[in-house]
Amino acid sequence: MGRGRVQLRRIENKISRQVTFSKRRTGLLKKAHEISVLCDAELALIVFSNKGKLFEYSSNSSMERILERYEQQSYADQKQLHPTDSESQANWYLESPKLMSNIEALQRSLRHFLGEELDPLSLKDLQLLEQQIDNSLKRIRARKNKLMHESISELQKKEKALQDQNNMLAKKLKENEKKVTEQPQCEHQNLAQSSPSSIQPSPPAVVTTIQFPLTIGGNYHAIEGTNKEVETQPQPRTNTVIPSWMLCHVNR
């Protein structure tokens, strides 16, 4: 079976820790020497023990030369990353003429687009300027048409929404008017159904007083009563003959 991976942690035993430091230091110095010889590299190794003892190794060059080279290299890197104020000011002095020339060229081009200072331009320059203006107009018109179509589409959507709302309100208004017109009819029908329709009002009674006067050898006449408001109906007139036995009683 293979050897398991050893977990790196501080060795608690002081003697074991000192023995391990010595072995690892020797191996590290050996590896540094091998790298410097095999790869022809300048190498400097500095190790301090826990007691503050110094152990160092350098390749063919001296330790001071390698450290000086290291300082110069690190200073140059920091200088590139964080330039000083004097250097940045010098760079601005070099860049300012370029920026001024670019600004002047842009302003001159803007004046040309506005139709100013066209005399120094040649025929080729004028044709190029005309082509640029045409391209700009095409882009401007395309953008304008797009915005107009979007605006028209939005207005059409709003119009449709308002029309639907208007139709809904008109429908509700018609329903309300229908309910208002049907309500009195329903009330009239309910009243008619609640009162009996078969009972008719009876005409006022007519009181008549009829007298039949007796006339000898005459006729019975029907006489109207005292009620003058009711139309009277003619009574039939009959001729009667009084018998003889009644005449005898009358003569007495």
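This is a predicted model: local features need pLDDT of at least 70, side-chain atom pairs count only at pLDDT 80 or more; totals for chains, interfaces and linings use all residues.
1. Two strands pair if DSSP finds at least two bridges between them. By this rule β1 and β2 form an antiparallel pair with five bridges. Helices (H or I, at least four residues) and strands (E, at least two) are DSSP runs, numbered from the N terminus. In the hairpin of β1 and β2, five residues lie between the strands, and Gly 52 has a positive phi near 90°.

2. Residues are numbered from 1 along each chain as its sequence is written, and side-chain values use heavy atoms, with hydrogens and water left out.

3. Confidence comes next. The predictor's confidence in each residue is called pLDDT and runs from 0 to 100. Its average over the protein chain is 75, and 67% of the residues score at least 70. Among the elements of the chain, α1 has the highest mean pLDDT (89), whereas helix α5 (residues 244–251) has the lowest (59). Over residues 205–233 the pLDDT stays under 50. For that stretch the model has 33 contacts (heavy atoms within 4.5 Å) beyond four places in sequence.

4. The overall architecture consists of five helices and two strands. Along the sequence, these elements follow the pattern α-β-β-α-α-α-α. Of the 252 residues in the protein chain, 7% are buried. Here buried means under 20% relative accessible area, exposed means over 50%, and partly exposed lies in between (1.4 Å probe, protein chains only). Among contacts with a separation of 6 or more, 18% join residues 24 or more positions apart.

5. The bridge partner of Val 47 in β2 is Phe 55.

6. Arg 25 lies over the face of the Phe 55 ring, at 4.2 Å from the ring centre. A charge counts as sitting over a ring if NZ of Lys or CZ of Arg is within 6 Å of the ring centre and within 35 degrees of the ring normal. Ser 49 is placed in the loop between β1 and β2 (54–58). Ser 49 counts as buried because its relative accessible area is 15%.

7. How many salt bridges does the structure hold? There are three, each defined as a side-chain nitrogen of Lys or Arg within 4 Å of a carboxyl oxygen of Asp or Glu. One of them joins Arg 69 to Glu 42, with the closest N and O atoms 2.7 Å apart. This pair links distant parts of the chain, 27 residues apart: Arg 69 is in helix α2 (residues 63–81), and Glu 42 is in the loop between α1 (14–39) and β1 (44–48). Arg 69 is exposed, at 53% relative accessible area, whereas Glu 42 is partly exposed, at 39%.

8. Another salt bridge is formed by the side chains of Glu 12 and Arg 10 (3.5 Å, N to O). Both Glu 12 and Arg 10 are exposed. The side chains of Glu 117 and Arg 111 also meet in a salt bridge (3.0 Å, N to O). Glu 117 is partly exposed, with a relative accessible area of 44%, and Arg 111 is likewise partly exposed, at 26%.

9. Is His 112 buried or exposed? His 112 counts as buried because its relative accessible area is 14%. His 112 lies in helix α3 (residues 85–113). Leaving aside neighbours within four places in sequence, His 112 is in contact with Glu 117, Leu 118, Leu 121 and Leu 129.
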